[in-house]
Amino acid sequence: QVQLVESGGGLVQAGGSLRLSCAASGRFFRINDMGWYRQAPGKQRELVARITSGGSTNYAESVKGRFTISRDNAKITVYLQMNSLKPEDTAVYYCNAQAIRVNLASLEVWGQGTLVTVSS
């Protein structure tokens, strides 16, 4: 089993900052890509940012220049630094990881989600 535990969500005023963290634990051979997705009320889940094990990143256009994804491979943790937050960033943010099991089978894992609310 592989688990992802998120933290760092909360309520912030527009223009403020938050930092999300997501730590992987359990039995696995390796964690490849990690990322953050979000789902606003009444909308589909969408990609926010992803990062490979080598550190390559990609971002949704709506967050470029404001959000930064990073990871600590030793701690198997991915972070999302969110600056200049806007009310439209309000959503439940989910951590995602591509894990390789001990038997070398691939597995997609999701965190439980953390709520980010940006007030105007």
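The questions and answers below walk through a predicted model of one protein chain.

Q: How many helices and how many strands are there in the protein chain?
A: Read along the sequence, the protein chain follows the pattern β-β-β-β-β-β-β-β-β-β-β. The count for the protein chain is accordingly given as zero helices and eleven strands.

Q: What radius of gyration does the protein chain have, and what would a compact globule with 120 residues have?
A: Along its principal axes the C-alpha trace of the protein chain spans about 50 × 25 × 20 Å. A compact globule with 120 residues would have a radius of gyration near 14 Å, and the value for the protein chain agrees with this, being 14 Å.

Q: What percentage of the 120 residues in the protein chain is buried?
A: A residue counts as buried when its relative accessible area is under 20%. The protein chain exposes about 6300 Å², of which carbon and sulfur atoms supply 48%. Of the 120 residues in the protein chain, the buried ones make up 40%.

Q: Among contacts in the protein chain between residues at least 6 apart in sequence, what percentage joins residues at least 24 apart?
A: Contact here means heavy atoms within 4.5 Å. Taking the contacts between residues at least 6 apart in sequence, the share that joins residues at least 24 apart is 55%.

Q: What is the order of the strands in the open sheet of four strands?
A: Strand β1, residues 2-7, is joined to strand β3, residues 18-26, by six bridges, and the two run antiparallel. Strand β3 in turn pairs with strand β8, residues 77-82, in the antiparallel sense over six bridges, and β7 and β8 also pair in the antiparallel sense over six bridges. Put together, these antiparallel pairings give an open sheet with the order β1-β3-β8-β7.

Q: Which strands stand at the edges of this sheet, and why is one side of each left without a neighbour?
A: From one strand to the next, the twist of the sheet averages 15 degrees. Each edge strand has a single partner strand, so one side of it is left without a neighbour in the sheet; the strands at the edges are β1 and β7 (67-72).

Q: Which residue is the bridge partner of L18 in β8?
A: Individual residues show how the strands of the sheet are set against each other: Q3 stands opposite S25 in β3, and T68 stands opposite Q81 in β8. For L18, the bridge partner in β8 is M82.

Q: Which residues form a disulfide, and how far apart are their sulfur atoms?
A: A search of the whole structure finds one disulfide, and a pair of cysteine sulfur atoms has to lie within 2.5 Å to count as such. The residues that form it are C22 and C95, with their sulfur atoms 2.0 Å apart.

Q: How many residues apart in sequence are the parts that C22 and C95 tie together?
A: The link of C22 and C95 is left-handed, with -85 degrees about the S-S bond, and both C22 and C95 are buried. Because C22 lies in strand β3 and C95 in strand β9 (residues 91-100), the pair ties together parts whose separation in sequence is 73 residues.

Q: Which residue in β11 is the bridge partner of V12?
A: Strand β2, residues 10-13, and β11 pair in the parallel sense over four bridges, whereas β9 and β11 run antiparallel and are joined by three bridges. A91 stands opposite V116 in β11, while the partner of V12 in β11 is V118.

Q: What is the relative accessible area of S84?
A: Most residues other than glycine have a negative phi. S84, in the loop between β8 and β9, has a positive phi near 50 degrees. S84 is partly exposed, and its relative accessible area is 39%.

Q: In which loop is the place of I76?
A: Phi of I76 is near 50 degrees, a positive value in a residue other than glycine. I76 is partly exposed, with a relative accessible area of 23%, and its place is in the loop between β7 and β8.

Terms used
Residues numbered from 1 in each chain as written. Predicted model: local features only at pLDDT ≥ 70, side-chain atom pairs only at ≥ 80, totals over all residues. Heavy atoms only, no water. Pairing = 2+ DSSP bridges. Axes fitted to C-alpha atoms, helices over the stretch in contact; angles between N-to-C directions. Buried < 20%, exposed > 50% of the residue type's maximum accessible area, 1.4 Å probe, protein only. Rg over C-alpha atoms; globule rule 2.2 N^0.38 Å. Areas by Shrake-Rupley, 256 points an atom, 1.4 Å probe, with all protein chains shown as cover.
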